[in-house]
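Thanks for coming. I will go through one structure, starting with the overall chain and then turning to helix packing.

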Amino acid sequence: MSWTDYPALGERCYFLTLPNGLAVRVLPKPGFAEKFAFLGTNFGSDDVCFTWNGERHTVPDGTAHFLEHRMFSLPDCDPEEAFSRLGAQVNAFTDYAMTGYYFSCTEHFDDCLRLLLRMVMTPDFPCAAMASEREVIADEIALYADSPADCAQERLYRALYRRHPIRTPITGTRTSIRRVTPEVLQLCFDAFYRPDNMALIVMGDVDAERVAELARACTPEASSAKVLREPFLQEDPGVFRRRTVRHAAVSLPSFSIGFRAEPGEDLIHQAAVGTLAAELLLGESSALYETLYEASLIDADFSACFTQVPGAALLQAGGTGRRPDAVLSAILRGAEQALAQGFDPRRFARLQKSACGRLIRELDGSESTCYRICEAIFAGGDCFCEFDLLDSITLSDTEALLTQTVTPERAALSVVAPEEA
C-alpha cells in the first residue's frame, strides 16, 4: 500500500487497488474518536440502459434507489439492528450517478466494516419483501412531491432535458417502481455491484493495512464480465420547455432557474469551473445578487450552484419570491452586462481562495470528504484533486462557461406557485 502526503492540508492518504479491482483509500486521523467508512458503487438512477453479458437491458426508473433499500437485508440478520448493537450509525443514499453506504462508530470498527462489506456484497431479494418496500418508497416519493423546492428542481430538469434520465426523479415514480422485481434487482446487482466498480474510503484512527486486509477478506474475487453503459441520447440544441408551473398549497412561489451547459469530457475540471462561475455571477458577493436582493426579487434563501452528472450539466439558481420571471430576466441582463464589462480579477482570486477554504473546512466532515473522494475516483481523478484544479482555473475559463451557458436559448424556469383562487 502506497501513500501520498498533502502538507498544505495536513493529510496523508493511503492508496490501494485490490486484485479484484476495489479501490481502497484510507485517511488516518490519529486521536480522533470517530471512525467512518464509505462504500460507493458507480451506479445511480441515470443508469437505466446498459449491456451486460452481451445483452442489452433497460430497467425501470428508480431501480438504483430501490436496490439501495433492499441491500439493507441479510438472510441471517437485520443489518440496521446489527449496526445498532455495535454502537454504530449506518445510512445510505442514491443520487443520479452513485449509490453510497456508510457508517460511523467509535468502537468495534473491524466488526462494523465486515458487516458493511457483507451487507453490500450479499444480494437478498425475497419476493415477500417487495410489496412492503414499494410502500416505503411510495411514501418517500410523496414526501419529495410535497416539498416545493424539490418539486421545482425536478420539474426544472424535465424542462431542460428531453431525453437525459436526469429528468426522472431518483426515486422513480409510483408506476415505475411497480415494475421493479427481484430479477431486475439481481441483474443490476450482478452488473454494477462488483468490486471493480466500487470504492471504499475510510477516515479515522485506523490502521490502513488492517483496512486493506478486511477488504480483501470480505469482498469477492474479480469478475471477467464487464458492463457497458449506453451513451446518452443527443439533446436538441435548445431546452425542452422554457417554463413550467405547478400550483400547490404554498404562500409564495418557489422557483428554480437553470441554464443548460454543454457536458464536459473532464467532469472534475468542469465541475470546478462551473462552481466558480456560479459564485462569480450569483454568489452573495456579486453585484447581481445585490441588485436582485435590493429589488426584493430574492431573499436570503436564494442560492446558486453548478450541477453535473455524466452527460448533463447546468448552472442553476433558486429560492422563493413573488416574481420568478423577473429574476430570470434580471439574471440574463446582469450576465450580459457583467460579461461585456469583464469581471474583477481581484474578486475572482478571492473566490478561488474562498472555494479552497470551503474544501478545507469540509475535511472536518467525514461524510462529505469521503463522498468527494469517491466521486472523484469514479470521474477518473483521486483524493483532493480539486485543490490543484482550483489553482489552475482562470477567469477566462469561467467567463467562457458563462458566455456559452447563460443565454435565453439555454434557460428554463420552474415554478411551484400558490393555488389559484
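In the protein chain, residues 24 or more positions apart account for 80% of the contacts with a separation of 6 or more. Bear in mind that this is a predicted model.

On the chain as a whole: there are 15 helices and 15 strands. The radius of gyration is 22 Å, close to the 22 Å that the globule rule gives for 421 residues, so the chain is as compact as a globular protein of that length. The C-alpha trace spans about 60 × 50 × 40 Å along its principal axes. Of the 421 residues, 54% are buried.

Now the helix pairs. Two packed helices are described by the angle between their axes and the distance between the axes.

Take helix 1, residues 63–70, and helix 4, residues 130–145: their axes come within 11 Å and cross at roughly 120 degrees. The two are therefore oblique to each other. Their crossing is right-handed. Helix 1 contributes H65, F66, H69 and R70 to the contact, and helix 4 contributes M130, E133, R134, V136, I137 and E140. By type, that contact has 4 nonpolar, 2 polar and 4 charged residues.

The other pair is helix 12, residues 345–362, with helix 14, residues 385–392. Here the axes are 10 Å apart and the angle is about 175 degrees. Helix 12 and helix 14 are therefore roughly antiparallel. Which residues of helix 12 and helix 14 make the contact? From helix 12, they are Q352, A355, C356, L359 and I360; from helix 14, E386, F387, L390 and D391. This contact divides into 6 nonpolar, 1 polar and 2 charged residues.

Methods
Residues are numbered from 1 along each chain as its sequence is written. This is a predicted model: local features need pLDDT of at least 70, side-chain atom pairs count only at pLDDT 80 or more; totals for chains, interfaces and linings use all residues. Side-chain values use heavy atoms; hydrogens and water are left out. Axes are lines fitted to C-alpha atoms, for helices over the stretch in contact, and angles run from 0 to 180 degrees between N-to-C directions. Helices (H or I, at least four residues) and strands (E, at least two) are DSSP runs, numbered from the N terminus. Angles under 35 degrees count as roughly parallel, over 145 as roughly antiparallel, 65 to 115 as roughly perpendicular and the rest as oblique. A crossing is left-handed if the near helix is turned anticlockwise from the far one by less than a right angle, and right-handed if clockwise. Contact means heavy atoms within 4.5 Å. Ala, Val, Leu, Ile, Met, Phe, Trp, Tyr, Cys and Pro count as nonpolar, Asp, Glu, Lys and Arg as charged, and the others, Gly among them, as polar. The radius of gyration is taken over C-alpha atoms; the globule rule is 2.2 Å times the number of residues to the power 0.38. Buried means under 20% relative accessible area, exposed over 50%, partly exposed in between (1.4 Å probe, protein chains only).
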